[in-house]
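Here is a short briefing for a first look. Keep the sequence and the 3D view open as you read.

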Amino acid sequence: MNAKKWDHVASGVIYTLVAAVILILVAILGYILFNGVPDISWHFLTSPAQSFSAGGGIRDQLFNSLYLLVLTIIVSLPIGLGAGIYLSEYASDNWFTDLIRTSVEVLSSLPSVVVGLFGYLLFVIKLNLGFSILSGAIALTFFNLPLLTRNIEESLRSVPNLQREAGMSLGLSNWKTTTKIILPAALPGILTGLILSAGRIFGEAAALIYTAGQSAPTVDYSNWNVFSATSFLNPMRPAETLAVHIWKVNTESVTPDANLISSASSAVLIIVILIFNLGARFLGNKLYKKITATK
Amino acid sequence: MKEYNLNESYITDIPEKKALSTKNLQVYYGDNHAIFDANMDFPRYKITALIGASGCGKSTFLRCLNRMNDKVARVDGNIMYRNVDINSPKINVYEVRQHIGMVFQRPNPFAKSIRENIIFPLRNTGIKSNDELEERLEQSLRGAALWDEVKDDLNKSALALSGGQQQRLCIARSIAMHPDVLLLDEPASALDPISTSKIEETLQILKKDYSIIIVTHNLQQASRISDYTAFLHLGHIVEYNSTANVFTKPKMQATDDYVSGNFG
């Protein structure tokens, strides 16, 4: 066979593989949305869940998921940035940084249920935090941090070395070069990583069952006092998230409309993640253009 | 390759004032001895070219002069600048680099606007007055012969410029710092002939105010623009003399072979 023919065959194989990926993705998304979207209503989004009767909503679970996500990112982003910057811009290649990288990799392949049990033993029991949003956020930080750190490190590394030399040759310190030149240039990559990890956090269930708990106590959305037990902002209250709710409704719920609730909740979960994705991408592009002055 | 006696060299004493001098400079990459005993003086307000075959150490030598080899290689010996040894560990390297600027082989503007590319490093040196920043912006872009081409687009991204314009922006960025010495590491090797000649013209104007040291492997370029030329071979400075002498009356056999194309 000649080169041209081989090229055709190779292109065909590649197209087929890509089509398979897209097909699987579209099938899953389509199935979830097709089954769930018709059952999503304003009432469903804004009313509390019911334990025994039909017609319950997901108001608290949806809020808990978002709140937990925000808390987790607040905890993990500074640590991830610090570690990523250290590994990419400051650390020299030696056995110590190799050890850090290996640990990060091992940590990232830890099953989330193990992270959950570890969080249960350490935060919930030992440190007496109880089933709480805070325990959940710390457990999710453990779960999220390795990939986030890795991603930030890679994004920073992918900025050409010429940029660092330019900064150095103009008398900028390593810190200034990193924060004012390298970090802005790496921002789109870091943002993509953050979005991906936000999706993982938002959809995580196993690590939260043992840390944030499976109950959603009624909270008062007009109580802004973080320390009040009934406040929606209190990080020390137990909080069932949307993903945990889906799991629970499917396993131990006695509500007659369990099927409806789980499919509608799944659709909401997917839609929220899609909104994050598109929104963050849009914001990231805008930010990048503003910093780099490209049109 | 022909063998030359590398222990022999001809290093001229320059009559001009000195911008920089190196004394017994040695550079090591790990166990690899890259520069042997470099002793030479760079004149003020002149262009000095460093020439030699690839791997002879000319870029390594150049990068020592503003401490860009820190963390990359071990540099022993003295580099005297205004009677101070800037190769000493006690020296503030960031300040050294503000006095001794550098332009690299590949243009490396920051992913910022043209204006920010020049103003941002200036602000870092503590200049706050907007008038002064704007003045230096215009002055440096004029100095690098770029002003007329970009004066209406100062807020556009520097990455949208052509390669030659980007390189002149990098020169402008360096001279905006008002350095004493400008180090250029093959600044035109990635550019087309028109951009190259623009950069060469720019350098001729700049040497009135700056001492320029340029690494090039383009021999015509060295003979066209430089006042002094140093020829390096295998990490040794073999010959250092006025450019006219190096190209027409070389004292060393290796230099003669290299400039006449009989090398290797």
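In this predicted model, strands β2 (residues 18-29) and β5 (residues 74-81) of chain B run antiparallel and are joined by six bridges. Helices (H or I, at least four residues) and strands (E, at least two) are DSSP runs, numbered from the N terminus.

**The sheet in chain B**
- Ser21(B) stands opposite Met80(B) in β5(B).
- Four strands form an open sheet in the order β3-β2-β5-β6 (chain B), with antiparallel pairing.
- Its edge strands are β3 (32-43) and β6 (84-85) of chain B, and each pairs on one side only.
- Two strands pair if DSSP finds at least two bridges between them.

**Thr255(B)**
- Thr255(B) lies in helix α10 (residues 253-259) of chain B.
- Thr255(B) is buried, at a relative accessible area of 0%.
- Buried means under 20% relative accessible area, exposed over 50%, partly exposed in between (1.4 Å probe, protein chains only).
- Leaving out residues up to four places away in sequence, Thr255(B) touches Phe231(B), Val238(B), Glu239(B), Val246(B) and Pro250(B).
- Contact means heavy atoms within 4.5 Å.

**Helix α10 of chain A**
- In helix α10 (residues 242-251) of chain A, the buried residues are Leu242(A), Ala243(A), Val244(A), His245(A), Ile246(A) and Val249(A).
- These buried residues of α10(A) pack against α3 (59-90), α8 (174-203), α9 (206-209) and α11 (258-292) of chain A.

**Reading the model**
- Residues are numbered from 1 along each chain as its sequence is written, and chains are lettered from A in the order in which they are written.
- Local features need pLDDT of at least 70, side-chain atom pairs count only at pLDDT 80 or more, and totals for chains, interfaces and linings use all residues, while side-chain values use heavy atoms, without hydrogens and water.
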